[in-house]
Amino acid sequence: MATLLQRLLWPASAAFEGAARLRAAAFRWGLRGSRRLSGTVISIGNLTVGGTGKTPMVMWLVERLLAEGKRVGILTRGYRGDAEGGRLSDEVALVKGRLGGRAQFGIGADRYAKGRMLERHGVEWFVLDDGFQHLQLARDVDIVLIDASDPFGGGHLLPAGRLREPKSALARADVVVITRSEHAPAIEAVVRRFSAAPIFYAQTRLEGIFRAGAANAVPLADWQGTRFFAFCGIGNPGAFFEDLTRWGFDVVGQARFRDHHRYSASDAAAIVQRADFAGAAALVCTEKDTYNLDPAAFARLPLFFCRISLVPQTPAELWSTILATAGRKRSEIAR
């Protein structure tokens, strides 16, 4: 049932939907053109604003490509970063840190221009981060992620809901991955109304808990049973808090901030104060949050972060489907 605010925002959402449909149709009918790189482009994206597991999915895909000896480039806008000025977005900094220089990056609004630059450096496979709506760049595989904990952003388009496009846009998907679930027949039924794309599942896995600023994971015995105050500034904070419970954390309080939030000294003081009031002995956040805060501002309580990965339920089948789709598309272009 729609809230009063959603009803008030409905005219703006209707206008947003109309614009989104017209834009997609313009590309579909050739009124606006998509530019194509020489290399293979695999897009990771979603229908909603906020987190569905795109960054860990990018990591999984890049690792598979690297394992096969491919030269990989990651194309990303780098939200709220300044690549020219030397400041990376939190997500780009996270991926760069995890990959350790094994992949190249093209960061900026014009993903085609960045891709052309990487091609001159020998890159032949591209992962387009958050690319489902970036229709200016042609892709060979469109992978759409759907978070089972909030699959369609309340069913409304922006600004009344979190949908970037109507669900009918799923018709463009080549592969659908439902995250944070092992079986979601109701979501599958919605997808099947608009798309015949193969559906896969993936779950988040805790790789380790780290003390902020430390390189090594903390042994399970050193943190299990600790009373934590959790906070995060990500697209779907509820999913992070649910994951913490599933992983066995004793969470006695929580605070949520908007996606990509940069924590000020006053934010840190307020979080620590709330943690004290809740009786927490330590703080825990996401790995992405650590790129937006100063650990020294939280020094009064130990600060930890969770390093996670996204694990497909049937990784070999998903990988073979991605490669087969890319091969088919490339063959069709060559004709």
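1. The largest pocket holds about 1400 Å³ of space. Its lining counts 49 residues, and those closest to the centre are Gly50, Gly51, Lys54, Glu91 and Asp259. Bear in mind that this is a predicted model.

2. Which elements supply at least two residues each to the lining of the largest pocket? They are α1 (4-28), α2, α3, α7 and β11. By class, the lining of this pocket divides into 19 charged, 15 polar and 15 nonpolar residues.

3. The second largest pocket has a volume of about 550 Å³. It is lined by 25 residues; Ala24, Phe27, Arg28, Leu135 and Arg172 are the closest to its centre. Two or more lining residues come from each of α1 and β5.

4. Which element gives the most to the lining of the second largest pocket? It is α1, with 6 residues.

5. Rolling a probe the size of a water molecule over the atoms shows where empty space is left. The count here is 1 cavity of 30 Å³ or more. The largest cavity holds about 60 Å³.

6. The largest cavity is lined by Thr55, Val58, Ile74, Thr76, Glu91, Val92, Val95, Phe105 and Asp129. Elements giving two or more of these residues are α2 (54-67), β2 (72-76) and α3 (90-99). The largest share, 3 residues, comes from α3. By class, the cavity lining has 5 nonpolar, 2 polar and 2 charged residues.

7. Glu91 deserves a look from both sides. It lines the largest cavity. Glu91 is also among the residues closest to the centre of the largest pocket.

8. Helix α7 spans residues 237-246, and its buried residues are Pro237, Ala239, Phe240, Phe241, Asp243 and Leu244. An α-helix has 3.6 residues a turn, so residues three or four places apart point the same way. What covers the buried residues of α7 includes the strands β5 (141-147), β7 (199-211), β8 (227-232), β9 (250-256), β10 (282-286) and β11 (303-312).

9. What follows α7? Glycine 248 does, with a positive phi near 95°.

Note on methods: Residues are numbered from 1 along each chain as its sequence is written. This is a predicted model: local features need pLDDT of at least 70, side-chain atom pairs count only at pLDDT 80 or more; totals for chains, interfaces and linings use all residues. Side-chain values use heavy atoms; hydrogens and water are left out. On a 1 Å grid over the protein atoms alone, a cavity is a set of points where a 1.4 Å probe fits but cannot get out, and a pocket is an open set with protein on both sides within 12 Å along at least five of seven lines; lining residues have an atom within 4 Å of a point. Grid points are joined across faces, edges and corners, and a volume is the space filled by probe spheres set on the points. Helices (H or I, at least four residues) and strands (E, at least two) are DSSP runs, numbered from the N terminus. Ala, Val, Leu, Ile, Met, Phe, Trp, Tyr, Cys and Pro count as nonpolar, Asp, Glu, Lys and Arg as charged, and the others, Gly among them, as polar. Buried means under 20% relative accessible area, exposed over 50%, partly exposed in between (1.4 Å probe, protein chains only). Contact means heavy atoms within 4.5 Å.
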